[in-house]
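Here are my notes on the model, as numbered points. Please read them with the structure open.

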Amino acid sequence: MQKTFSIIKPDAVKSGKAGNILALLESNGFRIVALRMAKLSQSQAEGFYAVHAERPFYGSLVKFMTEGPVILMALEREDAVKKLREVMGATNPANAAEGTVRKLYAESIERNAIHGSDAPETAAQELQYFFNNIELSQL
Ligand code: CMP
């Protein structure tokens, strides 16, 4: 079993798609280990996306991620990091496969409904960024 980190982004929460996305994740074998709704502060969003700080879209991305509530999740299944990225679909919804979260619910390459960690090492860092060890322990 492997854990990964995911965020249902402000666009999808605002448009009322969070429940559909959670159902799609569960139907793809993910178990919800921890879940919390939050409105990210500027510094939380900047820190989370620090790896993208030099990208031209960084400022806009931080603004988007702080515009409304998000749902932070720790998810578990076999091969969770890779499988979540398959279920999410390509970053740009125009390139996302049929049936993926982003094909179904994303508005654009930036307002793309969901985040998922890109590697096991990143997942460990991102889980620690938002959840404590008690929240991440088996329930
Ligand atoms: P995410 O998987 O959370 O990782 C970084 C985020 O930056 C990405 O999803 C998008 O929300 C955003 N992003 C990536 N590429 C672009 C781009 N070319 N223009 C605008 N936003 C982008």
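1. Aromatic cluster. Phe 5, Phe 48, Tyr 49, Tyr 129, Phe 130 and Phe 131 are joined into a cluster by ring pairs. Rings of Phe, Tyr and Trp (its six-membered ring) pair if their centres lie within 6.5 Å; planes under 30 degrees apart count as stacked, over 60 as edge-to-face and the rest as tilted. Across the whole structure, the search finds seven aromatic pairs.

2. Basis of these notes. The model is predicted: local features need pLDDT of at least 70, side-chain atom pairs count only at pLDDT 80 or more, and totals for chains, interfaces and linings use all residues. Residues are numbered from 1 along each chain as its sequence is written, and side-chain values use heavy atoms, with hydrogens and water left out.

3. Phe 48 and Tyr 49. This aromatic pair is edge-to-face, at 4.9 Å centre to centre and 80° between the planes. Phe 48 is buried at 9% relative accessibility. Tyr 49 is buried too, at 5%. Buried means under 20% relative accessible area, exposed over 50%, and partly exposed in between (1.4 Å probe, protein chains only).

4. Tyr 129 and Phe 130. Their ring centres are 4.8 Å apart and their planes stand at 85°, so this pair is edge-to-face. Tyr 129 is partly exposed at 38% relative accessibility, whereas Phe 130 is buried at 7%.

5. A charge over a ring. The charged end of Arg 77 sits over the ring of Phe 30, 5.7 Å from its centre. The criterion is NZ of Lys or CZ of Arg within 6 Å of the ring centre and within 35 degrees of the ring normal.

6. Helix 5. Which residues of helix 5 (residues 80-88) are buried? They are Ala 80, Val 81, Leu 84, Val 87 and Met 88. Seen down the helix axis, they fall within an arc of 130°, so they line one face of helix 5. The arc is that of the directions from the helix axis to the C-beta atoms. Helices (H or I, at least four residues) and strands (E, at least two) are DSSP runs, numbered from the N terminus.

7. Surroundings of helix 5. Its buried residues pack against strand 1 (2-8), helix 2 (18-27), strand 3, helix 6, strand 4 and helix 7 (120-130). Contact here means heavy atoms within 4.5 Å. Gly 89 follows helix 5, with a positive phi near 90°.

8. Salt bridges. How many salt bridges does the structure hold? There are eight. The term covers a side-chain nitrogen of Lys or Arg within 4 Å of a carboxyl oxygen of Asp or Glu.

9. Glu 76 and Arg 31. These side chains meet in a salt bridge at 3.1 Å, N to O. Glu 76 lies in strand 3 (residues 70-77) and Arg 31 in strand 2 (residues 31-38), so the pair ties together parts 45 residues apart in sequence. Glu 76 is buried at 7% relative accessibility; Arg 31 is partly exposed at 33%. Lys 3, Arg 31 and Glu 76 are linked in a network of salt bridges.

10. Glu 67 and Arg 111. Their side chains form a salt bridge at 2.8 Å, N to O. Glu 67 lies in the loop between helix 4 (58-65) and strand 3, and Arg 111 in the loop between helix 6 (101-105) and strand 4 (114-116), so the pair ties together parts 44 residues apart in sequence. Glu 67 is partly exposed at 38%, and Arg 111 is partly exposed at 21%.
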